[in-house]
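Morning, everyone. I have one structure to walk through today. Please have a look at it before I start.

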Amino acid sequence: MICFDTHLAQFLMFDFWDKRADIFMMIIAFVALTFTIIQLWISRRESRRTTAYSAYQEYLKLCFENHELSYGDESVIRNNKGEINPQYPWFISHMLFTFEQILETDKNDKEWKIAITSQLENHKWYLKKSDSVKRLEWNSKLRCILIDVLK
């Protein structure tokens, strides 16, 4: 049994520290493990955020290159015969796929949901007729947003 000395000199003794080295090493290892786990979690979150931003940037580039389609103006998208521009369904598919990627990578960000809802509102007239929306081909989070937009 260890008898604790009440003098401060015990802290200068090698024997005192030697008997407690395992405890200190365990505490240091636990702190290091905690910091490692936190760092991995932060890194993973930032990687997901970067993926979402990259996907949205690609969508914005597509919008810039096809600005007549990106506004979702039905009178511009339909030709004189009332037929839809053949590029428009592909634009919509690309848009929905991008939004699905964003929602899968950055699940809990409410700002993405607001941005996605805003974009879907522009194309509401077409989405109501879309077969892929009717068949529920998109992930559950995007389907929930689509349902809210199409009400």
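Let's start at Glu104. Glu104 sits in helix α4. This is a predicted model, by the way. Is Glu104 buried or exposed, or in between? Glu104 is partly exposed, because its relative accessibility is 43%. What does Glu104 touch, once residues up to four places away in sequence are set aside? The answer is Arg48 and Asn139. Now look across the model to Asp15. Glu104 and Asp15 are 89 residues apart in sequence. In space, their C-alpha atoms are 56 Å apart.

Stay in the helix and go to Glu100. Glu100 is also found in helix α4. Glu100 is a buried residue, though, with a relative accessible area of 13%. The cut-off for buried is under 20%, so Glu100 qualifies. Who are the contacts of Glu100, leaving aside neighbours within four places in sequence? They are Glu137, Trp138, Asn139 and Leu142. Take Leu142 from that list. Glu100 and Leu142 are 42 residues apart along the chain. Their C-alpha atoms are separated by 6.0 Å.

Now the whole of α4. The helix has 18 residues. At 1.5 Å a residue, α4 should span 26 Å. The C-alpha atoms at its ends are 26 Å apart, so expectation and model agree. Which residues of α4 are buried? Read along with me: Tyr88, Phe91, Ile92, Met95, Leu96, Thr98, Phe99, Glu100, Ile102, Leu103 and Thr105.

Next, the partner helix. Helix α4 covers residues 88-105, and helix α5 covers residues 110-122. Their axes come within 11 Å. They cross at roughly 170 degrees. That makes α4 roughly antiparallel to α5, because the crossing angle is over 145. What is the contact of α4 with α5 made of, by class? Eight residues are nonpolar, one is polar and one is charged. Here are the names. From α4 come Met95, Leu96, Phe99, Ile102 and Leu103. From α5 come Trp112, Lys113, Ile116, Gln119 and Leu120. Lys113 is the charged one, and Gln119 is the polar one.

On to salt bridges. Side chains of opposite charge can pair when their charged atoms come close. How many salt bridges does the model have? The count comes to six. I'll show you three of them.

The closest N and O atoms of Asp15 and Lys19 are 3.1 Å apart. Why can these two reach each other? Both are in helix α1, residues 14-65, and they are four residues apart, so about one helical turn separates them. An α-helix has 3.6 residues a turn, so residues three or four places apart point the same way. Asp15 is partly exposed, at a relative accessible area of 44%. Lys19 is partly exposed too, and its relative accessible area is 44%.

Next is Arg49 with Glu46. Here the closest N and O atoms are 3.3 Å apart. Arg49 and Glu46 are three residues apart in helix α1, so again about one helical turn lies between them. Arg49 is partly exposed, with a relative accessible area of 28%. Glu46 counts as partly exposed at 32%. There is a third member here. Arg45, Glu46 and Arg49 are linked in a network of salt bridges.

Then Arg78 with Glu74. The closest N and O atoms of this salt bridge are 2.9 Å apart. Arg78 is partly exposed at 22% relative accessible area. Glu74 is partly exposed at 30%.

Asp73 is in the loop between α2, residues 67-70, and α3, residues 74-77. At 35% relative accessibility, Asp73 counts as partly exposed. Asp73 and Ile42 are 31 residues apart in sequence, and their C-alpha atoms are 41 Å apart in space.

Last, Leu136. Where is Leu136 found? Leu136 is in the loop between α7, 131-134, and α8, 140-150. Most residues other than glycine have a negative phi. The phi of Leu136 is positive, near 55 degrees. Leu136 is partly exposed, with a relative accessible area of 48%.

Notes: Residues numbered from 1 in each chain as written. Predicted model: local features only at pLDDT ≥ 70, side-chain atom pairs only at ≥ 80, totals over all residues. Heavy atoms only, no water. Salt bridge = Lys/Arg side-chain N within 4 Å of Asp/Glu carboxyl O. Buried < 20%, exposed > 50% of the residue type's maximum accessible area, 1.4 Å probe, protein only. Axes fitted to C-alpha atoms, helices over the stretch in contact; angles between N-to-C directions. Parallel < 35°, antiparallel > 145°, perpendicular 65-115°, else oblique. Contact = heavy atoms within 4.5 Å. Expected span 1.5 Å × (residues − 1).
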